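Q: I'd like to learn how to read side-chain contacts in a model like this one. Could we start with the aromatic rings and then move on to the charges?

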Amino acid sequence: MTSDALLAAAGPAGAVFVPHVHWDREWYEPFQVFRHRLVAEFDRLLDVAESDPSFRFTLDGQTAAIQDYLEMRPDEVDRVSRLVAEKRLALGPWLILLDEFLCTGETIVRNLRFGVEGAAALGGAMSVGYLPDMFGHIAQMPQILVRAGIGRAVLWRGVPAAIDGHEFVWQAPDGSRVRTEYLFDGYDNGLDILLVPEMIGRALDDYTVMTKQRWGGDPVLAMAGTDHAVPDARLVEWLRRAARPDRPIAVATLPEYLEGLPTDVDLPTVVGELRSHARGNVLPGVLSVRRSLKQGMAEAERVVDEAERLAARWSRTSQDEFLNVSWRKIIESSAHDSVVGSGSDETSDQVAARLAEAGQIARAVRDGVLSEVAATVPSSAFFVANPLTSDRIVVASVDVETTSAEVALMAVGADGRRLPLQILGAAATVLADENMAGADLERVLRRIHRRELFGRQINDYTVTPGLLVFRVAESASEAPFDLLELRGAVASAVADHPGNWRVVTEVSPVRSVLVEVPVAASGTTAFTIREAESPVSAAGTDAPDSISNGLVSVRVRPDGTFDLYDDEGLVLAGLGRLVDGGDRGDSYNYAPPDRETLIDTPSRVSAEVVEEGPVRWKLQATRVYEIPVGLSDDPDRRSLETTAMTVETVAELRSNEPFVRLSLSFENPARDHRMRIHFPLPEAAACSESEGQFAVTRRGLVAEAGWGEFPLPTFPATSFVAAGAATILLDHATEYEVVDDGRELALTVLRAIGSISVNLHPLRDEPAAAEIPVPGAQAFGETITARLAVLPARAGWERADAVRHSAHFRSEPLVRRGAAPLGMPMPGPAGGLKVTGGSAAVTAVHHCHDGIEVRVVGMSDSPVAATITGDFRSATDLSLLGDPIETEECPGTLHVRLQPWEIRSLLLR
C-alpha cells in the first residue's frame, strides 16, 4: 500500500481514503453539459495531483470519462499517461458504467474490451471490476470478470442482508469466483468524515466505532468522492493533520487498497445475481419507464449482431471501423442513467438518437453485405440470408410482378423443390394517370433518369396521338431502352398533335406473397416465384375465431384474450389480459395510488381472422378500455374523467413455429398509469426463470426487504421469461412479475410518469434524484407497441428449446431481390458456420485478429455438448478480452464440452 513520510501505511485500526469521483456521463443534464463540468473538474484534478506526489485518484471505473476530457484537452494526454504510469491515477476497466440488465451480455463484453483498450492507450486499466452505482448486478458478472483476467470486484447495491462484513466471495452460475469489496455505506462514505476538516480525526474515530463489526481487523475504506465533483485540493493536507501514530491514514487508489487486504481469511459466498434491497436501493422501476429506449437498445444490438455475422461470412472488405463506431454508441447508451430512462427529456432524446444512429451504421453494413450477395443472384429471383448458426425455416415476404392479378403462382427453391406459398393481395396497376398540354410533356421526360421512373425501370412505352403510355417494372428487362429515341418520338408526336395529352404509367400487377423457405445455418438460399397452371390451395379455417398451423392453435375469447392449444389440448387460457392501474411514482420506482382503480375489462371487443395460411395465420382482437385520464389532484386517487384506449392485439402463427406471436399496439391517451399484459397459468408457479446476460436466473415470488425502498418483486428478462407452463419470448429487455400468488405472469407494457424523482414516494424512503419534471416520460399520445410470443412449455423452458426459439423469434428473415443479370444461373443453397447441441447459445460471430471469433454459452444446469462445423482448420480459446490461450487443430469440426453456464470464446481460423 502506498504511503509517504506523513501518511503511514494503514494497519490495524487504520483507514485508507480513496479519492475518486462518480461521473454520470449524462443524467438530469445531457452529455455535453455534463462534459463542460467534467473538463473544469479534471483541470483542477491534474493540478492537484502534480502538486503533491502522495495524491492518488481512482477514476470511477470508466475510461470514457478521461477520453471525453482528452477530446477537449488533447495536450494533457502526457500528464494523464504519466500519472497512470506512476500508479497515481487508476483508469478503467469499463468504457461506461452500464446498467447490467438493460443490454445483452455481448454488449457488456464489448464494454469491457473498449474500456481496457482505451485505458491501455494511456498506460493501462486497473484490474478491478468497479461497479459502484449499477442498479443491481447480473449473475454472470463474476465469470465475465474472471475470463477477462480480473479477480476483484467492488460494488454497492444489491448485496443480501446475510453479508455482515465488508468482503465476500461472489460466485457466478458456472462456479467462477471473485473476491468482492462491499461498499455497504455507498461509494461516498468518506464524505461524512470530511464534512468538518478540523474534526476529521474525531469523525473517523466515530465512524470506525459505528462500523467496526464490518471491518474486523482490516483498515477502514473511506471513499472520498461523490457525483460530479473531484475531492477538495486540500484533502491530503487535511488527512496529514488528522493522522495519529495509533490510527494511521493512507491515501490510495482502489487497487492499492485491495492489494493491502489479507487474502487468507474465510469469506462468505453469494451465488448469482445481486438484487436485494437490504442496504441499497436497486430502483427497479427503471426497467419499465421510457419503453422506447429499451426497444431502441435491443434493435441496435440486433442489427449490429446481424451485420457482424454477415460481414464475417460474406464481406470481401473489412467493416470493423463502422461496426466499432456502432458498438461504441450502443455501449455509451447502456450507461446506468441513459438507457434506464431516468434522465431528463433532453438526455433521453439524445440517447434515443444515439441508439438510432448505432442501428443506422450497422444497417448500412448489413445491407451492404447483402448487396454483395445479391450480385450473385439473378434479378428474377429472391434470396434469404440466415445470420444465425442454426438451420431455420423462415417466412419470406416478397412482392412479385405477374401478367395479371388473377394468375396462379408457385414458389420454387434453388434446388427445384416447390415451396409452400401464400398470396396476400395485389397492388394497383396504374401508378399515374395525368392530363396535360403537349408542350408540357418535356416535364414528364425530365422525371426519367436513364431508364428509372417512379423508382422502377421502363421496359416498354407507346406513343400515339394524345396518349403516352409507360410500362414499368421492378427490374429491367433484357430489351434495351433508349431515352434519346423516346425524346425524339415524343417531340415528333407533339408536333403532329399539339393539343391535350394523357400520360399513363402502368406497372405489371404486383402480388404480395409469403413463402416458406428452409435456409441453412449461416447460409443463403434463393427462390423464384413463377406463374402456375393451377392455383395453390389455401389452408383456410372452419371457425371465425381460431387459427392453427398444425403445431399450435389459438382461439379468441369473447373478452379479447386468447386460448392456446398444442397437440395435447389446452395449454394456456385467457392469454393477453390487460390491466391498467395508476402510477404516482417516478422514473426509479413504481407507486400505485393508495386508493387504486384497476381497469381490466374492455367496454367493447371485436375479433376477426385476417390471414388463413398455409404459411401465416393472423387473428386480430380489438379491445376498447375506458381508463382514467391521469391522477386526480389527490395523487392517491385516479381521475374520475376517463378516455377511450383502443388496443389492437394480433395473434400470429407461422408454419413450423410451435409458438404464437402476439403484437400489441395502442395510442397512449392518459398520464400517470401503468399497463401490464397478463398470462394466467394453469397451476400456481413457485418461481420464475428469466434469460439475460449469458444465464437463466431462477427467482422466487418475493424480493428481500430493505431499509430504503419497498421490495417489489418486479424483475428483468431479456429474451424470455418462464413460469409454470408458459415461456414468453421477448424482443427487448422487459419488466415482469409473477402475481396473484403465482397464478399469473404479468409483463409491463407501459409505465407513464412525470418526474425523474419525487421527494415523497410511498414506496421509497428518500429521493433518488432531484424532483425534475419529465413530461416526455408520460409517453402521452405516443403509439405504444409490444411484440412477444408464447411458447407452450409444460416441461419447462429447456425442454421446450426456448434458447433456440427465442433467437429465431428475435431475428426476422433477411430477404432481398437478386441484382445479377437475368440470364445468370441461380446459385444453389449454401451453408456456413453451424453450432448444434442442446441449450448452446451463440452470442457473437465476428471478425477478430486473423479469424472469426465465436462466443458460445452453455445455457443449462447440466453440461452441454456442442459441435461447431464450418470452413476452419484450427480453434484458439480466447479470454473475454480476446487474448489467445490455447490452440488445437480441428479441420472443419470442433467438439466443445461446455460446463453448466460456461461462456467460451473461440477464434476459428
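A: Rings of Phe, Tyr and Trp (its six-membered ring) pair if their centres lie within 6.5 Å. Keep in mind that this is a predicted model. Here, ring pairs link F168, Y182, F184 and W215 into a cluster.

Q: How many aromatic pairs does the structure hold?
A: There are 15 of them. Take Y461 and F481: their centres are 6.1 Å apart with 90 degrees between the planes, an edge-to-face pair. Y461 belongs to strand β18 (residues 456–464) while F481 is in the loop between β19 (467–473) and α15 (483–496), so the pair ties together parts 20 residues apart in sequence.

Q: Are Y461 and F481 buried or exposed?
A: Both Y461 and F481 are buried.

Q: What do I look at to describe a ring pair?
A: In general, the distance of the centres and the angle of the planes. For F659 and F809 the centres are 6.4 Å apart and the planes sit at 90 degrees, so this pair is edge-to-face. It links distant parts of the chain, with F659 in the loop between β30 and β31 (660–667) and F809 in helix α16, 150 residues away. F659 and F809 are both buried.

Q: Which ring does the charged end of R671 sit over?
A: The ring of F780, with the charged end 3.8 Å from the ring centre. Likewise, the charged end of R275 sits over the ring of F101, 4.7 Å from its centre.

Q: Where do R654 and E812 lie?
A: First, the bridge itself: their closest N and O atoms are 3.3 Å apart. R654 lies in strand β30 and E812 in the loop between α16 (802–810) and β41 (814–817), so parts 158 residues apart in sequence are tied together. Through shared partners, salt bridges join E652, R654, E657, R661, D731, R787 and E812 into one network.

Key
Residues are numbered from 1 along each chain as its sequence is written. This is a predicted model: local features need pLDDT of at least 70, side-chain atom pairs count only at pLDDT 80 or more; totals for chains, interfaces and linings use all residues. Side-chain values use heavy atoms; hydrogens and water are left out. A salt bridge is a side-chain nitrogen of Lys or Arg within 4 Å of a carboxyl oxygen of Asp or Glu. Helices (H or I, at least four residues) and strands (E, at least two) are DSSP runs, numbered from the N terminus. Rings of Phe, Tyr and Trp (its six-membered ring) pair if their centres lie within 6.5 Å; planes under 30 degrees apart count as stacked, over 60 as edge-to-face and the rest as tilted. Buried means under 20% relative accessible area, exposed over 50%, partly exposed in between (1.4 Å probe, protein chains only). A charge sits over a ring if NZ of Lys or CZ of Arg is within 6 Å of the ring centre and within 35 degrees of the ring normal.
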